[in-house]
Amino acid sequence: MANFFDDNKDLQFHLEHTDLDDVITKLENNFTENKTYDYAPRNLKEARRSYIEALRVAGEITGTTVAANAEAVDEEGCHFDHGKVEYASGTKQNMKLLLGADLGGITIPRQYGGLNFPTTVSTMIIEMVSRADASLMNLIGLQDIGETINEFAEESMKAKYLPMFTKGEVTGAMILTEPDAGSDLQAVQTKAILDEKTGEWKLYGVKRFITNGCADISLVLARSELGSKDGRGLSMFLIEKDDTVQIRRIENKHGIHGSPTCEIQFNGTKALLIGKRKLGLIRYVISLMNGARLAVSAQGIGIAEAAYREALKYAKERVQFGSPIINFPAVYDMLTWMKVQIEGGRALIYETCKYVDLKKVYTALNEHESDNKEYRERAKKYSSIAALLTPLSKAYNTEMSNRVTYDAVQIHAGTGFMKEFPVERLSRDARITNIYEGTTQLQVIAAIGGILNGTYEELLKEDYDNIKFPTELHNLRETLTSIRSMLNKCINVIAEVNDKDFMSYYSRNIVDMATDLLIGYRLLQFGIHNEHKREIAKLFIEKAFANTLKLSEPVMKRNKTAMENRDIILEV
Amino acid sequence: MEIVVLVKQVPDTANVGADAMKEDGTVNRAALKAVFNPDDLHALELALEMKDKYGAKVTVITMGPPKAVEILRESLYRGADNVFLLSDPKFAGSDTLATSLILKSAIEAKAKKFDIIMAGRQAIDGDTAQVGPQIAEKLNIPQVTFVTEIESIKNNTIKLSRLSDEGTEVIECKTPILLTVEGGFNTPRSPRVKRMFKYTTRVKEIHSVIFKSIETKNYEPNQNSVNQMMKELISEHIIG
């Protein structure tokens, strides 16, 4: 049994090389918190040490108990009986251990009993949980709704509910989706009715596909402005589970069996308004979703990491034609590419986390000192970078997770199709990651704006154009320059064609090119540190170049075949 | 309510290599990872459950080389209130009689008013299961072995279950009492990270008292003196 932090050199590398000093210092109010809280660090060194200690604890629990329980949890699944949902017995044990170790309120401020950690560290914990049991991530990750409560709810609500999360007494859910409101949340119909006399809100309606819908505390998106039709009539509410929350069924799913997916009916459920009316979708859900998207990115990486390790182990052990199959080019081609994609995905997610952390601390500072120009400008800048990178990371890492688990099954061949080997489960668990919290196609829509409006190019300029790469990396930097030039040409073509459908159709190509390029730069930067990272960067950039040729070609040629002739092709 | 838990750091006999035994036939502790004796961890968990339920104060005592302070830290992280390390070169090679004498003396010196003493059923290095019962004899208190569960503690009366050859016995008896706890009937909790930060960054919380055969030393509660203490102990101690 392993410790999932100690055995993961790449995760340690990222903790060491993600520049969080500014974030930590601001998050810790210049290390003044230890006067009030005996577990608060007194300086940067102690803070960093506390992260490592927490990661080790999480690594131990996930690497031993959670990983050992995963197969049984998948087999047992969740139970549903007369409206009551029960987790698999392994899940219960996992939750008890993780929440009992103070890992329930990782990013929540200490005044509510949390650890006050940066998102970068909590994301690492999420990644390890996912590697051990992807379905558990949904339950642990949903503790994140505490963060939304912290950000937007009134002080009295924070004081009441946040300690429940940090003590690990409750689980959470975000209740958004309805039968007719999936990707299009503007269509939400669940009603929130205000009793003018008592000032109390009550919810009526049906929600579907709700992860952990049986939670004790949930955030619900509902229509508070009766008669309205779009997103501006929706508000966010907090509910406590009671008899008016009827779980109608749980879904029988392809993967993540340990996580109950519920259909819920609200029959006049008492609800508390979060923040302001009408901002439910346009402000709070976006924030909630962005947190969840980062968590699902980490889930993708965690599953991929588990699958890669299984495939590597199998390829070393399995002998065919008198040799372990790892020695065959067709096999090590898959394995090396899996490894490179995982490290690439990690480069992207922890870079994203850094900007999310910067955004959070500067937004908070800006709220306290609204006349400080530097804080305001930084908050704005980091918000737009985080808004760009979060969907990029979600799209890349969840698609990557599917590719890696697919190849992991392929390396196992027939064995991998059997339930006895973990890759079978992992490939099923990965499949949801690029669907929920916004499909990849929706992530592309969320990201394309930032690429076309110059935020992306500005980020590259600032972060990478002034780096002095050693001579042996100059060739690779040149390759990245070529990719960048092809991408920019495509962006120009999109502007020239000036057609919404054309832009929309090729958004995926643009987003994929931009993602490869950004990861390429980050990996090249890591290449300065050691030989392993250099070779990872080399293989990634070589493949990214070929991929860019493929992706840019139809844009440059302004191909519109599918756009213009889809009826003929589809025979509809 | 005062609970004393007796714990031991043991070589990880679950993962044994070729160099696990020395030429003289004794365990080569240097070659094996040192771990919290599994049954003791279950005993600690049972004690901590009583702390959760009744607000008991939990004191953990171990005898061993300086390195054994690791399991005391582990105990603090999990929720123990107080920990004591008993360490002296003269303790090396103690058999169960000597060990139980030393532990009994420490209990008398450091936890005068205990209600319950708990220990794991046995340690995975020696497998004797004798130390707990011998301490009860020396303290002249009742003992229950193979305990699996404590149902209640009320008015100096404890109701508990123990394994027997035929099944489970439910017993009621008066405290003070010594219990040896059977492994596998509870899930030991994980260390709590908040307590870890508290105790690793603030050594002042650890009041380490070292019993030597001729003297008792009290150290100032700060990092430097703890380092000094560790240095002295390591230089004096013969591991074996």
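In chain B, B:Ala119 stands opposite B:Thr180, a residue of strand 10. The model described here is predicted. Strand 6, residues 116-120 of chain B, runs parallel to strand 10 of chain B and is joined to it by five bridges. A further parallel arrangement is found with strand 7 of chain B, residues 143-154, which three bridges join to strand 10, and in strand 10 B:Val181 has B:Val147 standing opposite.

Strand 10 of chain B, residues 177-181, is largely enclosed by the rest of the structure, because five of its five residues are buried. In a regular strand, side chains alternate between the two faces of the sheet. In strand 10 of chain B, B:Ile177, B:Leu179 and B:Val181 point one way, whereas B:Leu178 and B:Thr180 point the other way, and all are buried.

Chain B as a whole contains six helices and twelve strands, and buried residues make up 37% of its 240 residues. Of the contacts in chain B with a separation of 6 or more, 66% are accounted for by residues 24 or more positions apart.

In chain A, A:Lys202 is placed in strand 5, residues 200-211. A:Lys202 counts as buried because it has 20 C-beta neighbours inside 10 Å, and a residue with 20 or more such neighbours is classed as buried. When residues up to four places away in sequence are not counted, A:Lys202 touches A:Ile193, A:Asp195, A:Gly268, A:Thr269, A:Lys270 and A:Ala271. The C-alpha atom of A:Lys202 is separated by 36 Å from that of A:Ala379, which is 177 residues apart from it along the chain.

Key: Residues numbered from 1 in each chain as written. Chains lettered and ligands numbered in written order. Predicted model: local features only at pLDDT ≥ 70, side-chain atom pairs only at ≥ 80, totals over all residues. Helix = DSSP H or I, 4+ residues; strand = E, 2+ residues; numbered from the N terminus. Buried ≥ 20, exposed ≤ 12 C-beta atoms within 10 Å, placed from the backbone. Contact = placed C-beta atoms within 7 Å. Pairing = 2+ DSSP bridges.
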